[in-house]
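Trainee: Could you walk me through this structure, one question at a time? I am new to it.

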Amino acid sequence: MADSAQAQKLVYLVTGGCGFLGEHVVRMLLQREPRLRELRIFDLQLGPWLEELKTGPVQVTAIQGDVTQAHEVIAAVAGAHVVIHAAGLVDVFGRASPETIHEVNVQGTKNVIEACVQTGTQFLVYTSSMEVVGPNVKGHPFYRGNEDTPYEAVHRHPYPHSKALAEQLVLKANGRKVRGGLPLVTCALRPTGIYGEGHQIMRDIYYQGLRLGGRLFRAIPASVEHGRVYVGNVAWMHVLVARELEQRAALMGGQVYFCYDKSPYKSYEDFNMEFLGPCGLRLVGTRPLLPYWLLMLLAALNALLQWLLRPLLLYAPLLNPYTLAVANTTFTVSTNKAQRHFGYEPLFSWEDSRTRTIRWVQAMDGSAQ
Ligand SMILES: NC(=O)C1=CN([C@@H]2O[C@H](COP(=O)(O)OP(=O)(O)OC[C@H]3O[C@@H](n4cnc5c(N)ncnc54)[C@H](O)[C@@H]3O)[C@@H](O)[C@H]2O)C=CC1
Ligand SMILES: CC(C)[C@@H](O)CC[C@@H](C)[C@H]1CC[C@H]2[C@@H]3[C@H](O)CC4=CC(=O)CC[C@]4(C)[C@H]3CC[C@]12C
(Lines give C-alpha, C1' and ligand atoms only; values in the text may rest on other atoms or scores of the structure.)
(Ligands and ions follow the chains in the order given, each with its own letter.)
Protein backbone atom coordinates (compact mmCIF):
# COMPACT_ATOMS: atom_id res chain seq x y z
CA MET A 1 0.00 0.00 0.00
CA ALA A 2 1.39 3.41 -1.01
CA ASP A 3 2.31 5.65 1.89
CA SER A 4 -0.20 8.30 2.89
CA ALA A 5 1.46 11.09 0.90
CA GLN A 6 1.33 9.09 -2.34
CA ALA A 7 -2.11 7.66 -1.57
CA GLN A 8 -3.71 11.06 -1.04
CA LYS A 9 -3.61 12.36 -4.56
CA LEU A 10 -7.13 12.32 -5.94
CA VAL A 11 -9.68 15.12 -6.27
CA TYR A 12 -13.34 14.14 -6.11
CA LEU A 13 -16.34 16.34 -6.81
CA VAL A 14 -19.79 15.48 -5.45
CA THR A 15 -22.63 17.51 -6.93
CA GLY A 16 -25.67 17.65 -4.66
CA GLY A 17 -23.30 16.85 -1.82
CA CYS A 18 -25.51 18.56 0.76
CA GLY A 19 -28.61 16.54 -0.01
CA PHE A 20 -30.02 13.49 1.75
CA LEU A 21 -27.91 11.02 -0.26
CA GLY A 22 -25.12 13.48 -1.04
CA GLU A 23 -24.23 14.07 2.59
CA HIS A 24 -23.88 10.33 3.17
CA VAL A 25 -21.68 10.04 0.05
CA VAL A 26 -19.48 12.89 1.28
CA ARG A 27 -19.07 11.39 4.73
CA MET A 28 -18.47 7.91 3.32
CA LEU A 29 -15.76 9.22 0.99
CA LEU A 30 -13.97 10.92 3.89
CA GLN A 31 -14.18 7.73 5.93
CA ARG A 32 -13.42 5.16 3.24
CA GLU A 33 -11.50 6.67 0.35
CA PRO A 34 -7.84 6.88 1.48
CA ARG A 35 -6.66 8.29 -1.87
CA LEU A 36 -8.55 11.56 -1.41
CA ARG A 37 -6.49 14.74 -1.43
CA GLU A 38 -9.40 17.12 -2.02
CA LEU A 39 -13.15 16.65 -1.78
CA ARG A 40 -15.25 19.28 -3.51
CA ILE A 41 -18.89 19.59 -2.50
CA PHE A 42 -21.00 21.44 -5.07
CA ASP A 43 -24.56 22.34 -4.14
CA LEU A 44 -27.19 25.02 -4.56
CA GLN A 45 -27.56 25.11 -0.77
CA LEU A 46 -24.48 24.43 1.35
CA GLY A 47 -25.08 22.87 4.77
CA PRO A 48 -23.55 24.32 7.97
CA TRP A 49 -22.31 20.80 8.85
CA LEU A 50 -19.66 21.15 6.14
CA GLU A 51 -17.55 23.29 8.46
CA GLU A 52 -16.93 20.34 10.81
CA LEU A 53 -15.38 18.40 7.89
CA LYS A 54 -12.62 20.92 7.32
CA THR A 55 -10.51 19.82 10.28
CA GLY A 56 -9.37 16.52 8.77
CA PRO A 57 -6.43 15.60 6.50
CA VAL A 58 -8.49 15.90 3.33
CA GLN A 59 -9.03 19.36 1.86
CA VAL A 60 -12.81 19.89 1.85
CA THR A 61 -13.90 22.58 -0.60
CA ALA A 62 -17.51 23.76 -0.38
CA ILE A 63 -18.74 25.29 -3.63
CA GLN A 64 -22.11 27.01 -3.76
CA GLY A 65 -23.27 26.60 -7.34
CA ASP A 66 -26.01 25.66 -9.77
CA VAL A 67 -25.66 22.71 -12.16
CA THR A 68 -27.82 24.57 -14.67
CA GLN A 69 -25.03 27.17 -14.98
CA ALA A 70 -22.41 25.59 -17.27
CA HIS A 71 -19.62 27.97 -16.27
CA GLU A 72 -20.11 27.21 -12.58
CA VAL A 73 -19.99 23.49 -13.28
CA ILE A 74 -16.83 23.80 -15.39
CA ALA A 75 -15.09 25.74 -12.63
CA ALA A 76 -16.04 23.08 -10.06
CA VAL A 77 -15.09 20.11 -12.27
CA ALA A 78 -11.74 21.45 -13.51
CA GLY A 79 -8.95 19.35 -12.00
CA ALA A 80 -11.20 16.66 -10.53
CA HIS A 81 -10.33 13.01 -11.18
CA VAL A 82 -13.84 11.74 -10.35
CA VAL A 83 -17.25 13.37 -10.43
CA ILE A 84 -20.18 11.87 -8.54
CA HIS A 85 -23.24 13.63 -9.91
CA ALA A 86 -26.00 13.31 -7.32
CA ALA A 87 -27.51 16.78 -7.68
CA GLY A 88 -31.09 16.68 -8.80
CA LEU A 89 -34.58 17.99 -8.32
CA VAL A 90 -36.37 15.08 -6.66
CA ASP A 91 -39.94 16.25 -7.01
CA VAL A 92 -43.01 14.07 -7.49
CA PHE A 93 -45.23 16.36 -5.44
CA GLY A 94 -45.71 19.19 -7.93
CA ARG A 95 -43.50 21.68 -6.11
CA ALA A 96 -41.41 22.55 -9.18
CA SER A 97 -42.52 23.07 -12.77
CA PRO A 98 -41.77 20.38 -15.37
CA GLU A 99 -39.48 22.88 -17.07
CA THR A 100 -37.45 23.41 -13.90
CA ILE A 101 -37.19 19.67 -13.27
CA HIS A 102 -35.93 19.19 -16.83
CA GLU A 103 -33.54 22.13 -16.54
CA VAL A 104 -31.91 20.77 -13.39
CA ASN A 105 -31.99 17.04 -14.05
CA VAL A 106 -31.32 16.98 -17.79
CA GLN A 107 -29.57 20.23 -18.69
CA GLY A 108 -27.66 20.05 -15.40
CA THR A 109 -26.42 16.58 -16.31
CA LYS A 110 -25.47 17.76 -19.81
CA ASN A 111 -23.43 20.52 -18.18
CA VAL A 112 -21.64 18.02 -15.94
CA ILE A 113 -20.81 15.76 -18.89
CA GLU A 114 -19.53 18.64 -21.02
CA ALA A 115 -17.49 19.96 -18.10
CA CYS A 116 -15.78 16.56 -17.78
CA VAL A 117 -15.03 16.53 -21.52
CA GLN A 118 -13.78 20.11 -21.59
CA THR A 119 -11.58 19.89 -18.49
CA GLY A 120 -10.25 16.34 -18.88
CA THR A 121 -12.06 14.59 -16.01
CA GLN A 122 -12.21 10.93 -16.91
CA PHE A 123 -14.60 9.31 -14.44
CA LEU A 124 -18.28 10.17 -13.96
CA VAL A 125 -20.71 8.34 -11.67
CA TYR A 126 -24.35 9.38 -12.08
CA THR A 127 -27.01 8.90 -9.45
CA SER A 128 -29.91 7.70 -11.53
CA SER A 129 -33.05 6.07 -10.13
CA MET A 130 -35.27 3.01 -10.24
CA GLU A 131 -37.81 5.40 -11.72
CA VAL A 132 -35.88 5.35 -14.98
CA VAL A 133 -37.37 1.87 -15.34
CA GLY A 134 -40.68 2.19 -13.54
CA PRO A 135 -43.31 1.81 -12.37
CA ASN A 136 -44.60 2.75 -15.82
CA VAL A 137 -47.79 4.65 -16.57
CA LYS A 138 -49.59 1.35 -17.19
CA GLY A 139 -48.96 0.18 -13.63
CA HIS A 140 -47.10 -2.95 -14.74
CA PRO A 141 -45.43 -4.62 -11.75
CA PHE A 142 -41.64 -5.07 -11.76
CA TYR A 143 -41.22 -8.08 -9.52
CA ARG A 144 -37.71 -9.06 -8.37
CA GLY A 145 -36.38 -7.62 -11.65
CA ASN A 146 -32.77 -6.90 -12.57
CA GLU A 147 -30.82 -4.66 -14.95
CA ASP A 148 -31.66 -6.98 -17.87
CA THR A 149 -35.34 -7.62 -17.13
CA PRO A 150 -37.50 -6.56 -20.07
CA TYR A 151 -39.96 -3.86 -18.97
CA GLU A 152 -41.92 -1.24 -20.90
CA ALA A 153 -40.46 1.94 -19.42
CA VAL A 154 -43.11 4.53 -20.31
CA HIS A 155 -43.05 7.81 -18.40
CA ARG A 156 -45.33 10.83 -18.46
CA HIS A 157 -44.34 12.41 -15.14
CA PRO A 158 -41.56 15.00 -15.48
CA TYR A 159 -39.36 13.52 -12.75
CA PRO A 160 -38.91 9.95 -14.04
CA HIS A 161 -38.80 11.27 -17.60
CA SER A 162 -35.97 13.65 -16.69
CA LYS A 163 -34.03 10.91 -14.89
CA ALA A 164 -34.37 8.61 -17.92
CA LEU A 165 -33.13 11.31 -20.30
CA ALA A 166 -30.21 12.17 -18.02
CA GLU A 167 -29.20 8.56 -17.62
CA GLN A 168 -29.23 8.08 -21.38
CA LEU A 169 -26.95 11.11 -21.77
CA VAL A 170 -24.50 9.74 -19.21
CA LEU A 171 -24.33 6.26 -20.71
CA LYS A 172 -24.05 7.64 -24.25
CA ALA A 173 -21.14 9.83 -23.16
CA ASN A 174 -19.11 6.79 -22.15
CA GLY A 175 -16.02 6.58 -24.39
CA ARG A 176 -16.07 10.24 -25.52
CA LYS A 177 -12.60 11.72 -25.64
CA VAL A 178 -11.96 14.21 -22.87
CA ARG A 179 -9.37 17.00 -23.00
CA GLY A 180 -6.00 15.27 -23.26
CA GLY A 181 -7.39 12.50 -25.45
CA LEU A 182 -8.32 9.89 -22.84
CA PRO A 183 -11.80 8.30 -22.84
CA LEU A 184 -14.58 9.40 -20.48
CA VAL A 185 -15.75 6.45 -18.36
CA THR A 186 -19.30 6.74 -17.04
CA CYS A 187 -21.82 4.61 -15.21
CA ALA A 188 -25.22 5.09 -13.61
CA LEU A 189 -26.49 3.82 -10.27
CA ARG A 190 -30.22 3.22 -9.86
CA PRO A 191 -31.28 3.32 -6.22
CA THR A 192 -34.72 2.03 -5.35
CA GLY A 193 -36.53 4.03 -2.64
CA ILE A 194 -33.78 5.25 -0.36
CA TYR A 195 -34.38 5.40 3.40
CA GLY A 196 -32.28 6.36 6.38
CA GLU A 197 -31.02 9.31 8.36
CA GLY A 198 -32.14 12.54 6.71
CA HIS A 199 -34.98 11.13 4.56
CA GLN A 200 -37.38 14.06 4.27
CA ILE A 201 -40.41 11.99 3.20
CA MET A 202 -40.01 9.72 6.22
CA ARG A 203 -39.83 12.82 8.40
CA ASP A 204 -43.00 14.19 6.79
CA ILE A 205 -44.87 10.90 7.27
CA TYR A 206 -43.73 10.71 10.89
CA TYR A 207 -45.00 14.18 11.72
CA GLN A 208 -48.22 13.47 9.83
CA GLY A 209 -48.72 10.47 12.10
CA LEU A 210 -48.03 12.55 15.21
CA ARG A 211 -50.63 15.08 14.05
CA LEU A 212 -53.14 12.23 13.66
CA GLY A 213 -52.73 11.06 17.24
CA GLY A 214 -50.00 8.52 16.55
CA ARG A 215 -51.93 6.81 13.76
CA LEU A 216 -51.37 6.31 10.06
CA PHE A 217 -54.13 4.91 7.88
CA ARG A 218 -53.33 2.17 5.39
CA ALA A 219 -53.93 3.24 1.82
CA ILE A 220 -51.95 0.57 -0.06
CA PRO A 221 -52.45 -3.23 0.08
CA ALA A 222 -49.71 -5.00 2.07
CA SER A 223 -49.20 -7.25 -0.96
CA VAL A 224 -47.82 -4.38 -3.08
CA GLU A 225 -44.07 -4.58 -2.47
CA HIS A 226 -41.66 -1.69 -2.94
CA GLY A 227 -37.89 -2.10 -3.07
CA ARG A 228 -36.06 0.04 -0.53
CA VAL A 229 -32.33 0.52 0.11
CA TYR A 230 -30.49 2.04 3.05
CA VAL A 231 -28.79 5.37 2.29
CA GLY A 232 -25.48 4.20 3.76
CA ASN A 233 -25.36 1.28 1.34
CA VAL A 234 -26.20 3.54 -1.59
CA ALA A 235 -23.39 5.85 -0.52
CA TRP A 236 -21.02 2.91 -0.21
CA MET A 237 -21.91 1.72 -3.71
CA HIS A 238 -21.07 5.19 -5.05
CA VAL A 239 -17.67 5.12 -3.32
CA LEU A 240 -16.91 1.64 -4.60
CA VAL A 241 -17.95 2.36 -8.17
CA ALA A 242 -15.86 5.53 -8.22
CA ARG A 243 -12.86 3.54 -6.97
CA GLU A 244 -13.22 0.59 -9.36
CA LEU A 245 -14.23 2.52 -12.50
CA GLU A 246 -10.62 3.19 -13.52
CA GLN A 247 -9.36 -0.39 -13.15
CA ARG A 248 -12.48 -1.97 -14.65
CA ALA A 249 -13.38 0.63 -17.27
CA ALA A 250 -13.95 -1.93 -20.03
CA LEU A 251 -16.45 -3.86 -17.90
CA MET A 252 -18.15 -1.05 -15.99
CA GLY A 253 -18.07 1.82 -18.50
CA GLY A 254 -21.52 2.62 -19.83
CA GLN A 255 -23.24 0.27 -17.40
CA VAL A 256 -26.20 0.73 -15.06
CA TYR A 257 -26.40 -0.85 -11.61
CA PHE A 258 -29.40 -1.10 -9.30
CA CYS A 259 -28.57 -0.16 -5.71
CA TYR A 260 -29.68 -2.93 -3.39
CA ASP A 261 -29.10 -4.45 0.03
CA LYS A 262 -30.84 -6.86 2.39
CA SER A 263 -33.73 -4.54 3.25
CA PRO A 264 -36.93 -6.64 3.21
CA TYR A 265 -39.51 -6.49 0.46
CA LYS A 266 -42.64 -4.84 1.93
CA SER A 267 -45.28 -2.34 0.95
CA TYR A 268 -44.07 1.24 1.21
CA GLU A 269 -46.25 1.83 4.26
CA ASP A 270 -45.38 -1.41 6.06
CA PHE A 271 -41.69 -0.80 5.43
CA ASN A 272 -41.92 2.67 6.94
CA MET A 273 -43.56 1.16 10.01
CA GLU A 274 -40.34 -0.77 10.68
CA PHE A 275 -39.03 2.58 11.90
CA LEU A 276 -42.16 4.52 12.82
CA GLY A 277 -43.67 1.69 14.88
CA PRO A 278 -40.82 1.66 17.43
CA CYS A 279 -41.29 5.44 17.59
CA GLY A 280 -44.88 5.13 18.73
CA LEU A 281 -46.92 5.24 15.53
CA ARG A 282 -49.56 2.64 14.54
CA LEU A 283 -50.69 1.73 11.02
CA VAL A 284 -54.47 1.37 11.18
CA GLY A 285 -56.05 -1.33 8.99
CA THR A 286 -54.87 -4.70 7.75
CA ARG A 287 -56.11 -3.64 4.33
CA PRO A 288 -56.74 -0.20 2.76
CA LEU A 289 -59.41 1.68 4.69
CA LEU A 290 -60.72 3.33 1.52
CA PRO A 291 -61.52 1.77 -1.87
CA TYR A 292 -58.96 2.54 -4.58
CA TRP A 293 -61.45 4.56 -6.64
CA LEU A 294 -61.98 6.89 -3.65
CA LEU A 295 -58.22 7.25 -3.14
CA MET A 296 -57.90 8.16 -6.82
CA LEU A 297 -60.64 10.76 -6.38
CA LEU A 298 -58.93 12.22 -3.32
CA ALA A 299 -55.60 12.27 -5.16
CA ALA A 300 -57.22 14.05 -8.10
CA LEU A 301 -58.81 16.56 -5.73
CA ASN A 302 -55.38 17.22 -4.22
CA ALA A 303 -53.98 17.86 -7.69
CA LEU A 304 -56.87 20.25 -8.46
CA LEU A 305 -56.41 22.04 -5.15
CA GLN A 306 -52.68 22.40 -5.82
CA TRP A 307 -53.44 23.99 -9.18
CA LEU A 308 -56.10 26.34 -7.79
CA LEU A 309 -54.02 27.43 -4.79
CA ARG A 310 -50.70 27.81 -6.68
CA PRO A 311 -51.06 31.61 -7.12
CA LEU A 312 -51.48 31.92 -3.35
CA LEU A 313 -49.48 29.12 -1.74
CA LEU A 314 -47.78 25.79 -2.41
CA TYR A 315 -50.08 22.91 -1.50
CA ALA A 316 -48.07 19.69 -2.02
CA PRO A 317 -49.52 16.73 -0.07
CA LEU A 318 -48.03 13.23 -0.19
CA LEU A 319 -51.13 11.89 -1.96
CA ASN A 320 -51.42 12.81 -5.62
CA PRO A 321 -52.26 10.75 -8.71
CA TYR A 322 -48.61 9.95 -9.38
CA THR A 323 -47.58 8.99 -5.85
CA LEU A 324 -50.68 6.85 -5.47
CA ALA A 325 -49.98 5.02 -8.73
CA VAL A 326 -46.32 4.45 -7.82
CA ALA A 327 -47.09 3.31 -4.29
CA ASN A 328 -49.75 0.96 -5.63
CA THR A 329 -47.46 -0.80 -8.11
CA THR A 330 -45.05 -3.51 -7.08
CA PHE A 331 -41.45 -2.60 -7.88
CA THR A 332 -38.71 -4.78 -6.39
CA VAL A 333 -35.25 -5.67 -7.63
CA SER A 334 -33.21 -8.80 -7.17
CA THR A 335 -29.75 -8.58 -8.70
CA ASN A 336 -26.09 -9.13 -8.00
CA LYS A 337 -24.67 -7.23 -10.97
CA ALA A 338 -22.85 -4.77 -8.71
CA GLN A 339 -21.34 -7.66 -6.80
CA ARG A 340 -20.25 -9.41 -9.99
CA HIS A 341 -18.84 -6.29 -11.65
CA PHE A 342 -17.07 -4.53 -8.77
CA GLY A 343 -17.38 -6.67 -5.69
CA TYR A 344 -20.14 -4.69 -3.99
CA GLU A 345 -21.47 -6.07 -0.75
CA PRO A 346 -23.78 -3.99 1.47
CA LEU A 347 -21.78 -2.26 4.19
CA PHE A 348 -24.76 -2.13 6.55
CA SER A 349 -26.92 -5.10 7.44
CA TRP A 350 -30.69 -4.75 7.49
CA GLU A 351 -30.63 -4.83 11.29
CA ASP A 352 -28.01 -2.05 11.43
CA SER A 353 -29.81 0.02 8.79
CA ARG A 354 -33.06 -0.33 10.72
CA THR A 355 -31.48 0.58 14.07
CA ARG A 356 -29.75 3.64 12.64
CA THR A 357 -32.97 4.85 11.04
CA ILE A 358 -35.03 4.29 14.19
CA ARG A 359 -32.50 6.24 16.24
CA TRP A 360 -32.68 9.08 13.75
CA VAL A 361 -36.48 9.22 13.94
CA GLN A 362 -36.37 9.03 17.72
CA ALA A 363 -33.86 11.89 17.84
CA MET A 364 -36.18 14.04 15.72
CA ASP A 365 -38.22 15.17 18.71
CA GLY A 366 -36.63 13.31 21.63
CA SER A 367 -39.13 10.45 21.44
CA ALA A 368 -36.55 7.76 22.26
CA GLN A 369 -38.42 4.77 23.87
N1 LIG B 1 -34.55 9.84 -2.45
C2 LIG B 1 -34.71 8.72 -3.12
O3 LIG B 1 -35.47 7.82 -2.72
C4 LIG B 1 -33.97 8.52 -4.40
C5 LIG B 1 -33.15 9.51 -4.94
N6 LIG B 1 -32.49 9.26 -6.13
C7 LIG B 1 -31.59 10.26 -6.72
O8 LIG B 1 -30.58 10.56 -5.79
C9 LIG B 1 -30.13 11.91 -5.95
C10 LIG B 1 -30.17 12.62 -4.62
O11 LIG B 1 -31.50 12.56 -4.19
P12 LIG B 1 -31.89 12.98 -2.69
O13 LIG B 1 -30.66 13.03 -1.85
O14 LIG B 1 -33.02 12.12 -2.27
O15 LIG B 1 -32.46 14.44 -2.93
P16 LIG B 1 -32.15 15.80 -2.16
O17 LIG B 1 -33.12 16.78 -2.66
O18 LIG B 1 -32.04 15.56 -0.70
O19 LIG B 1 -30.69 16.15 -2.69
C20 LIG B 1 -30.49 16.76 -3.93
C21 LIG B 1 -29.41 17.80 -3.76
O22 LIG B 1 -29.18 18.41 -5.02
C23 LIG B 1 -29.12 19.81 -4.82
N24 LIG B 1 -29.56 20.53 -6.03
C25 LIG B 1 -30.81 20.61 -6.51
N26 LIG B 1 -30.82 21.40 -7.59
C27 LIG B 1 -29.53 21.82 -7.79
C28 LIG B 1 -28.91 22.65 -8.74
N29 LIG B 1 -29.61 23.25 -9.70
N30 LIG B 1 -27.58 22.84 -8.64
C31 LIG B 1 -26.86 22.26 -7.64
N32 LIG B 1 -27.40 21.46 -6.71
C33 LIG B 1 -28.73 21.26 -6.80
C34 LIG B 1 -30.05 20.10 -3.66
O35 LIG B 1 -29.74 21.34 -3.05
C36 LIG B 1 -29.81 18.90 -2.77
O37 LIG B 1 -28.79 19.16 -1.84
C38 LIG B 1 -31.05 12.53 -7.00
O39 LIG B 1 -30.38 12.56 -8.25
C40 LIG B 1 -32.24 11.58 -7.06
O41 LIG B 1 -32.83 11.57 -8.35
C42 LIG B 1 -32.62 8.06 -6.78
C43 LIG B 1 -33.43 7.07 -6.28
C44 LIG B 1 -34.17 7.22 -5.06
C1 LIG C 1 -50.19 8.73 0.35
C2 LIG C 1 -49.93 7.25 0.24
C3 LIG C 1 -50.39 6.71 -1.11
C4 LIG C 1 -48.46 6.97 0.46
O5 LIG C 1 -48.25 5.59 0.53
C6 LIG C 1 -47.62 7.61 -0.67
C7 LIG C 1 -46.16 7.16 -0.62
C8 LIG C 1 -45.36 7.95 -1.69
C9 LIG C 1 -45.12 9.37 -1.20
C10 LIG C 1 -44.04 7.19 -2.00
C11 LIG C 1 -44.33 5.76 -2.50
C12 LIG C 1 -43.19 5.39 -3.45
C13 LIG C 1 -42.22 6.56 -3.33
C14 LIG C 1 -41.25 6.78 -4.49
C15 LIG C 1 -40.37 5.54 -4.74
O16 LIG C 1 -39.62 5.23 -3.58
C17 LIG C 1 -39.41 5.79 -5.91
C18 LIG C 1 -38.71 7.11 -5.89
C19 LIG C 1 -37.51 7.21 -6.53
C20 LIG C 1 -36.81 8.46 -6.65
O21 LIG C 1 -35.88 8.60 -7.44
C22 LIG C 1 -37.28 9.64 -5.91
C23 LIG C 1 -38.35 9.34 -4.89
C24 LIG C 1 -39.39 8.32 -5.36
C25 LIG C 1 -40.17 8.92 -6.52
C26 LIG C 1 -40.33 7.99 -4.15
C27 LIG C 1 -41.16 9.23 -3.76
C28 LIG C 1 -42.23 8.93 -2.68
C29 LIG C 1 -43.14 7.77 -3.10
C30 LIG C 1 -43.95 8.12 -4.33
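Mentor: Helices (H or I, at least four residues) and strands (E, at least two) are DSSP runs, numbered from the N terminus. This is a predicted model, in which local features need pLDDT of at least 70 and side-chain atom pairs count only at pLDDT 80 or more, while totals for chains, interfaces and linings use all residues. Residues are numbered from 1 along each chain as its sequence is written, and chains are lettered from A and ligands numbered from 1 in the order in which they are written.

Trainee: Which residues of α9 are buried?

Mentor: A residue is buried if 20 or more other C-beta atoms lie within 10 Å of its own, exposed if 12 or fewer, and partly exposed in between. What covers the buried residues of α9 includes α6, β9 (215-217), β12 (282-284), α11 and α13 (350-364). The buried ones are Tyr268, Glu269, Asn272, Met273, Phe275 and Leu276.

Trainee: Is isoleucine 205 buried or exposed?

Mentor: Isoleucine 205 sits in helix α6 (residues 200-211). Because 21 other C-beta atoms lie within 10 Å, isoleucine 205 is buried.

Trainee: At what angle do α4 and α5 pack?

Mentor: Axes are lines fitted to C-alpha atoms, for helices over the stretch in contact, and angles run from 0 to 180 degrees between N-to-C directions. The axes of α4 and helix α5 (residues 158-173) are 9 Å apart, and the angle is about 10 degrees.

Trainee: Which helix supplies the largest share of the shell around ligand 1?

Mentor: A residue is near a molecule or strand if its C-beta atom, placed from the backbone, lies within 6 Å of it. Of the 25 residues around ligand 1, Gly16, Gly19, Phe20, Leu21 and Gly88 come nearest. At least two shell residues each come from α2 (20-32), α4 (98-119) and β8 (193-195). The largest share, 3 residues, belongs to α2.

Trainee: And which helix gives the largest share around ligand 2?

Mentor: Ligand 2 is surrounded by 18 residues, the closest being Ser129, Gly193, Leu319, Thr323 and Ala327. Both α9 (268-276) and α11 (321-327) supply at least two residues of this shell. With 4 residues, the largest share comes from α11.

Key:
Contact = placed C-beta atoms within 7 Å.
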